[in-house]
Every structure is written in structure tokens, then in C-alpha cells.
Amino acid sequence: MNLDFSFFTSAVIKSFIFKGLIFSFQLTAVAMIGGMILGTFLALMRLSNKYYLSLPSSFYVNTLRSIPLVMVILWFYLLIPLILKRPIGAELSAFITFTFFQAAYYSEIMRAGILSVSKRQMAAGQALGLTYRQCMSYVVLPQAFRNMLPLFMTQTIILFQDTSLVYAIGAYDLLKGFEIAGRNFNRPVEMYLIAAFLYFVICFSLSKFTKLIHQKIKIIH
Amino acid sequence: MIQINNVSKWYDKFQVLNNCSTVINKGEVVVICGPSGSGKSTLIKTVNALEDFQQGDIIVNGISLSQKGIDLPKLRSRVGMVFQNFELFPHLNISENLVLAQIKVLKRQKTEALERGLKMLNRVGLSTHKNKFPGQLSGGQQQRVAIARALCMDPIIMLFDEPTSALDPEMVGEVLDVIVSLAEEGMTMMCVTHEMGFAKKVSHRVIFMDHGAIIEDLKSADFFGNNKKISPRATEFLSKIIQH
Ligand SMILES: Nc1ncnc2c1ncn2[C@@H]1O[C@H](COP(=O)(O)OP(=O)(O)OP(=O)(O)O)[C@@H](O)[C@H]1O
Ligand SMILES: [Mg+2]
């Protein structure tokens with residue numbers, strides 16, 4: 001088999017790949033931030049001793065964690081327009097779906113993180129007069145987040161790889177860009193090779209970057 | 001200043017506090033001792049409502065803890081507490097540890113809080129360490145910072161729960177020295193400790209607990225001086241501790 005990469009010029013990158021790359025990054029960023037915020041609330045609810053908070057949260061988390069992401073993507077794409085009574089487009093649908101889906105995974109990590117901080121830290125905060133909420137915000141959650149940073153980043157790398165699943169609803173992501181370019185130039189094999197290489201480089205750098213940050217902000221005990 | 005009236009507490013059927021009563025007056029230093037599991041930590045934690053109780057009442061500075069709807073954060077902010085394991089916030093540096101509650105609870109300005117914090121840090125002899133993180137300090141230093149952190153809140157009373165029992169022996173002295181100097185300044189204190197030499201030196205009164213009950217509540221001189229005044233149980237405890 002002859003591999004020919006000569007067609008892969010900056011013009012190709014500009015017109016096919018770049019747009020998809022931006023979307024994949026945006027989707028990852030939005031779902032990461034939104035998912036962490038929502039996931040933190042889910043974790044706090046789940047750890048609450050009030051059943052009307054913990055039950056819905058554990059139901060939500062367990063349900064989403066037992067359904068394949070592709071199905072969630074499809075369902076949201078079909079259901080949200082029914083609820084909102086208007087079509088919202090593949091991109092927006094992807095943002096919403098990924099945020100809600102990731103929240104379920106981040107919440108489990110956050111829950112483990114909160115449990116990893118000793119209860120005595122909460123007591124120490126309360127003894128100083130901080131309220132439960134203040135103790136959570138300033139004492140427990142920052143430590144929980146730091147303790148769990150490697151897991152958060154691993155989950156985010158998975159999230160980035162999963163963005164390719166938006167093919168199911170026809171959104172234009174990084175992989176899609178490669179696929180279309182490959183088809184246009186009749187060089188799918190080369191294109192998929194480059195795609196694999198690029199995914200590898202991005203994910204590998206992300207995980208190196210994580211290690212670096214983790215070293216930087218690690219809590220010294 | 002603090003009245004503990006017939007306080008009882010249960011974990012399910014297990015009684016941890018059994019009808020405890022005592023009064024702590026302003027400026028008084030009260031040492032609490034007793035065997036492990038006798039309820040010392042639980043008793044001291046009821047005073048700032050970190051532990052609740054089912055019977056009796058505790059009155060702190062005129063406020064009854066058995067009332068509903070009291071402003072717990074406000075009350076706790078004036079009751080300083082020092083724990084066995086220091087419990088500094090490991091993700092914050094020493095200055096940040098000192099100012100957090102001043103800013104969030106007492107609503108002090110940052111500069112004012114920092115000034116107060118550094119003053120207290122200086123008081124415990126650690127002003128050069130203000131930018132370090134707790135994990136970079138020795139146990140004794142961490143405990144002194146924890147004391148400074150509590151003092152920043154202008155407490156009306158200080159509670160100590162075995163402040164030196166997690167420390168290496170060579171660091172016990174530096175922490176006890178800080179507590180002694182607080183006592184000499186007239187700070188009201190309740191201190192759970194097994195350091196009997198220290199107790200003899202600073203305390204006005206000694207409370208001996210066993211099985212959740214206050215067995216002895218005596219003037220320090222009586223507790224340590226004439227062994228005939230104390231119960232056989234306390235005598236036995238004392239002899240064990242002193243041998244140790
Ligand atoms: N959350 C809890 N649930 C059930 N029992 C508890 C709980 N916390 C403490 N206890 C029990 O209450 C009793 C008193 O505990 P406490 O910690 O007050 O004792 P202590 O006198 O401080 O002991 P030590 O010298 O070991 O610190 C112990 O028997 C302990 O096992
Ligand atoms: Mg104890």
C-alpha cells in the first residue's frame with residue numbers, strides 16, 4: 001500500500017480540520033467546567049443525610065453511568081426539542097448532553113474526593129465559626145479537588161476522546177473533519193492515521209500536563 | 001462564664017456523658033483528665049456545640065445551647081478550640097490559615113485580619129513562617145499555629161483537646177509553654193491533657209472523668225496535694241499516669 005501525505009497541506013487543515021478541532025476543544029471545555037460544577041452539587045446532594053437530596057442524586061448518577069454515551073447523545077438530541085418545543089441543533093445538543101453526562105462521572109470522583117478529606121477538617125472549620133457551606137467551599141472542596149485532580153484529568157481525557165461520538169447526531173468535530181477531508185481527497189487511510197496521531201499527541205500532552213500541575217499544587221502533609 | 005448543668009448524651013443506648021455538671025469562671029484554667037473513652041473529648045466539644053447532647057443544658061456567656069435557633073457560627077467564633085491533630089488547613093499557607101475565619105466569620109478587612117494574624121503568629125514565636133504551608137512545619141509548630149489561629153478570633157475561652165498527645169516528646173514543651181503563657185495572661189481555658197506536671201503548674205481546678213461522669217471536680221491543690229481527698233479510681237489513674 002502506498003501512503004501519500006502530500007495532499008495534507010495547511011489549506012486542508014484550515015478548511016477541514018481546524019473547525020472540528022475547535023469544536024472538540026470547546027465541547028471538552030464546556031462539558032468539563034459545567035460537568036464539574038454540576039457534579040460537585042450532585043456529590044454534595046449524594047452525601048447529604050436528607051434522603052430527598054441523596055436519592056435523586058444517586059438515581060441520576062447511577063442511571064447516566066449505566067447508559068452508553070452514544071444513546072444519551074441520541075436521546076437528548078431527540079428529546080430536548082420536544083421539551084423546548086423547538087429544534088436546537090446538533091452542536092448545542094452536544095454541549096448540553098456532554099455536560100449532563102460528564103456531571104455523573106465527575107460527581108463520583110468528587111464524592112470520593114470529599115470523603116478523602118478527614119471529617120476533623122470540617123470540625124476545625126466549624127469550631128472557628130465557619131458555616132457548613134463555608135467549610136465546604138473553603139476547606140473541604142479545595143482539598144477534595146486537589147486530591148482527585150489526576151482522576152479528574154483522566155476523566156477529561158476520556159471526555160475529549162468521547163467527543164468523537166457526536167457523529168451520531170452529525171455534529172462537526174475533529175474526527176468528522178478528518179473523515180470528510182479523507183473522503184474529498186480519496187485518502188481515508190492517511191487521514192485516519194493522522195487523526196490517530198493527533199488524538200494521541202493531544203491526550204498524551206494532556207496527561208503530562210496533569211502530572212505537572214499535580215506536582216505543583218499537591219498538598220504537602 | 002460557662003455553666004454545664006446535668007448534661008447527658010447517648011450514642012444510641014450507649015451513654016457517653018452521664019449527668020455532668022460544672023462551672024468555669026472567667027480566668028479559670030480547668031484541666032480535664034481521665035482514662036481513654038471516658039468522654040473528655042465529648043464533654044469539651046459540647047461546649048462549642050460540635051457535639052450535641054440530649055439532656056441538661058450548657059450556658060456559654062449567657063447563651064443556652066439547648067435553645068433552638070441560636071447563632072452557632074457566632075458562638076463558636078468566640079470559643080477557641082485546639083485539636084489533638086492540629087487541623088490546620090493543609091491547602092492554605094499559614095497566613096491564609098490565620099485570616100480565613102477572621103474574614104469570613106468576623107467580616108474583618110483583609111489587612112486588619114492579616115495584621116491580627118501576624119501579631120498572634122509572633123506571639124507563638126513563628127512569624128518567620130507566615131508564607132509556609134502547614135506540611136512544611138513540625139508538629140509542635142503546627143500546633144502553635146493552630147493556637148494562634150484560634151486566638152485571632154478574640155476568644156472568650158479556649159478549649160484544648162489533648163493538644164500535645166500527637167507530638168514527639170521533644171516538641172511537647174514548646175506547645176505547653178504557649179498554653180502556660182496564655183494561662184498567665186488570664187485566659188479562661190478548659191484543657192484535656194495527660195501532662196500532669198503541666199496540669200499541676202497551670203490549672204486552678206482538675207476534673208476527673210470516668211465512664212462519662214465527672215468523678216472529681218477539685219481545686220488543683222487538693223487534687224494533687226492530698227491523695228486522701230480523691231477517690232480510689234482517680235488515685236489509681238494518677239499513679240498509672242505518673243509512673244508512665
Ligand atoms: N460517633 C460515635 N458513635 C458512637 N460512640 C462514640 C462516638 N464518638 C465517641 N464514641 C464513644 O464515646 C466514648 C467517649 O469518647 P471520647 O472521645 O469523648 O473519649 P475520650 O475521653 O476523649 O477518650 P480519649 O482519651 O481516647 O480521647 C468512647 O467510648 C467512644 O467510643
Ligand atoms: Mg479524646
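Predicted model: local features only at pLDDT ≥ 70, side-chain atom pairs only at ≥ 80, totals over all residues.
Local features require pLDDT of at least 70 and side-chain atom pairs pLDDT 80 or more, whereas totals for chains, interfaces and linings use all residues. Residues are numbered from 1 along each chain as its sequence is written, chains are lettered from A in the order in which they are written, and side-chain values use heavy atoms, without hydrogens and water.

Chain B contains nine helices and 10 strands, taken as DSSP runs (helices H or I, at least four residues; strands E, at least two) numbered from the N terminus. Its C-alpha trace spans about 55 × 45 × 30 Å along the principal axes. The radius of gyration of chain B is 18 Å, in agreement with the value near 18 Å for a compact globule of 244 residues; this quantity is taken over C-alpha atoms, and the globule rule is 2.2 Å times the number of residues to the power 0.38. Of the 244 residues in chain B, 57% are buried (under 20% relative accessible area; exposed, over 50%; partly exposed, in between; 1.4 Å probe, protein chains only).

Most residues other than glycine have a negative phi. A:Lys85, by contrast, has a positive phi near 65°. A:Lys85 lies in the loop between α3 (69-84) and α4 (90-116) of chain A and is exposed, with a relative accessible area of 72%. B:Asn19 likewise has a positive phi, of about 55°, but lies in strand β2 (residues 14-24) of chain B. At 44% relative accessibility, B:Asn19 is partly exposed.
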